[in-house]
Amino acid sequence: MSGEKYTTSNRFIHPNDHRTVTAKKKSKTINKAERWQDVDVHELAQLEINQRLSTDEKVRLYTDMVRIRRFEGRSLRSYQAGKIGGFLHLYEGQEAVAVGTISLLGADDHVITAYRVHGHAIAVGMDPKPMMAEMYGKYTGCAKGKGGSMHMFAPDKNFWGGHGIVGGQIPLGTGLAFALKYQGKKGCCLAYMGDGAINQGAVHEAYNLAALWNLPVIFIIENNAYSMGTSQERSSAFPDCLAQRAEAYGMEWDTVNGNILYDVRAKTYEAIKRAHDESRPTVLEIFTYRYRGHSVADANAEKYRSKDEIIDYKDNKDPITLLRKQFIEEGVLTEEQAKEIDKAANEEANEAAEFAEKSPFPPAESILDDSYWSSDNKGQDPEIDELNQGRFVFEDGGIFDK
């Protein structure tokens with residue numbers, strides 16, 4: 001497997017059919033990203049899948065990562081100003097994961113993820129304006145104001161959201177893979193989860209079915225080390241490598257440096273080939289990091305990890321900074337171009353916020369839209385109409401019936 005080329009002294013090795021763990025015992029204070037410091041970026045750049053990228057495509061990937069970063073920053077400002085209600089789970093620090101994996105997808109490939117959804121949404125090509133409007137709860141939002149920050153969907157882009165139940169999207173992603181196989185299509189589903197989801201029963205049920213039925217699904221663990229606020233060492237048995245659990249189901253697995261776009265693309269490409277050509281599942285554990293708390297409401301974000309750890313990551317491991325340096329070295333990008341890209345991304349994010357500000361809230365009469373089939377399709381089935389489904393009973397006893 002390709003991963004064998006890039007093993008390090010403290011990396012998880014999986015040569016051929018026998019996967020063994022050679023990782024050194026870690027101190028509980030060591031950030032998981034430390035193990036990836038000696039990845040050879042230049043060697044990764046020479047891989048065929050990365051050599052295929054044109055200069056324009058590389059600039060596009062870098063641009064999308066910056067767009068995600070600036071969109072999230074603008075979202076935070078809006079949340080702090082009281083414009084966004086509920087929760088807000090930011091993707092800052094993890095941009096190379098969504099952009100790198102999704103950059104490899106074709107027409108019959110699908111994406112489903114958890115509630116830290118904005119990065120994936122931009123990576124699949126969603127417009128930031130309806131995304132921001134959705135977070136504002138506005139009628140021009142991508143879910144007409146009913147989904148909010150955690151529930152964004154774009155069926156036209158094979159993007160199936162944004163799910164708030166921890167691990168709940170993984171059986172759904174497995175189902176998408178089943179549908180692709182059933183329909184005879186050469187595609188796959190990328191099903192993302194955080195490291196906190198790995199201990200959910202539904203995840204293991206999905207693993208079992210994916211392996212049993214040989215489904216073209218790629219389970220991607222975005223391991224930012226702290227789940228909702230508890231370190232892996234305290235929450236997961238054998239915390240050094242969550243992906244190795246795939247062996248219990250006979251699935252292939254690999255680990256990835258989520259700070260390096262080229263590594264993300266290389267390992268994801270191998271998994272996609274396996275899904276397309278062999279209809280076999282894979283578990284990828286991508287080590288990454290979130291700069292903010294679990295959500296913006298996470299008041300303990302700097303209590304279960306140190307400020308120095310966060311600063312070190314931003315200064316030395318930031319995926320956007322590393323990619324900019326790499327592309328400048330390759331002659332793909334200049335510092336001036338990078339500044340222009342950042343400026344344009346800022347403007348785009350501000351325009352999205354302005355669009356959301358000016359957009360209307362959903363009208364009262366739309367309260368049942370897209371909630372009940374019987375409400376959206378009155379007159380289609382007299383028997384269902386007779387059952388009065390799709391009516392909303394208010395607390396005062398009044399009934400709203402379209």
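**Exercise 1: a residue on a helix**

Start with phenylalanine 178, which sits in helix α7. Work out whether Phe178 is buried, partly exposed or exposed.

*Solution.* Keep in mind that you're looking at a predicted model. Step one: the relative accessibility of Phe178 is 38%. Step two: buried means under 20% and exposed means over 50%. So Phe178 counts as partly exposed.

Now find the surface patch that Phe178 belongs to.

**Exercise 2: going inside**

Find out how many residues the largest nonpolar core has, and what surrounds Ile218.

*Solution.* That core has 68 residues, and Ile218 is among those with the most contacts inside it. Skip the neighbours within four places in sequence, and Ile218 still contacts Cys188, Cys189, Leu190, Ala191, Ala271, Ile272, Thr282 and Leu284. One of these, Cys189, belongs to a second, separate core of 24 residues.

**Exercise 3: a glycine in a loop**

Locate glycine 196 and list what it touches.

*Solution.* Gly196 lies in the loop between β4 (189-194) and α8. Its relative accessibility is 33%, so Gly196 counts as partly exposed. Not counting residues up to four places away in sequence, Gly196 touches Val166 and Ser227.

**Exercise 4: how confident?**

Check the pLDDT of the chain.

*Solution.* The average is 87, and 85% of the residues score at least 70. Over residues 1-36, though, the pLDDT is below 50.

Terms used:
Residues are numbered from 1 along each chain as its sequence is written. This is a predicted model: local features need pLDDT of at least 70, side-chain atom pairs count only at pLDDT 80 or more; totals for chains, interfaces and linings use all residues. Side-chain values use heavy atoms; hydrogens and water are left out. Patches are made of residues with over 30% relative accessible area and no salt bridge: like charges are joined within 9 Å, nonpolar side chains (Val, Leu, Ile, Met, Phe, Trp, Tyr) within 5 Å. Accessible areas come from the Shrake-Rupley method with a 1.4 Å probe; for residues, only the protein chains shown count as cover. A salt bridge is a side-chain nitrogen of Lys or Arg within 4 Å of a carboxyl oxygen of Asp or Glu. Helices (H or I, at least four residues) and strands (E, at least two) are DSSP runs, numbered from the N terminus. Buried means under 20% relative accessible area, exposed over 50%, partly exposed in between (1.4 Å probe, protein chains only). pLDDT is the predictor's confidence in each residue, from 0 to 100. Contact means heavy atoms within 4.5 Å. A nonpolar core is a set of buried Ala, Val, Leu, Ile, Met, Phe, Trp, Tyr and Cys residues joined through side-chain atoms within 4.5 Å.
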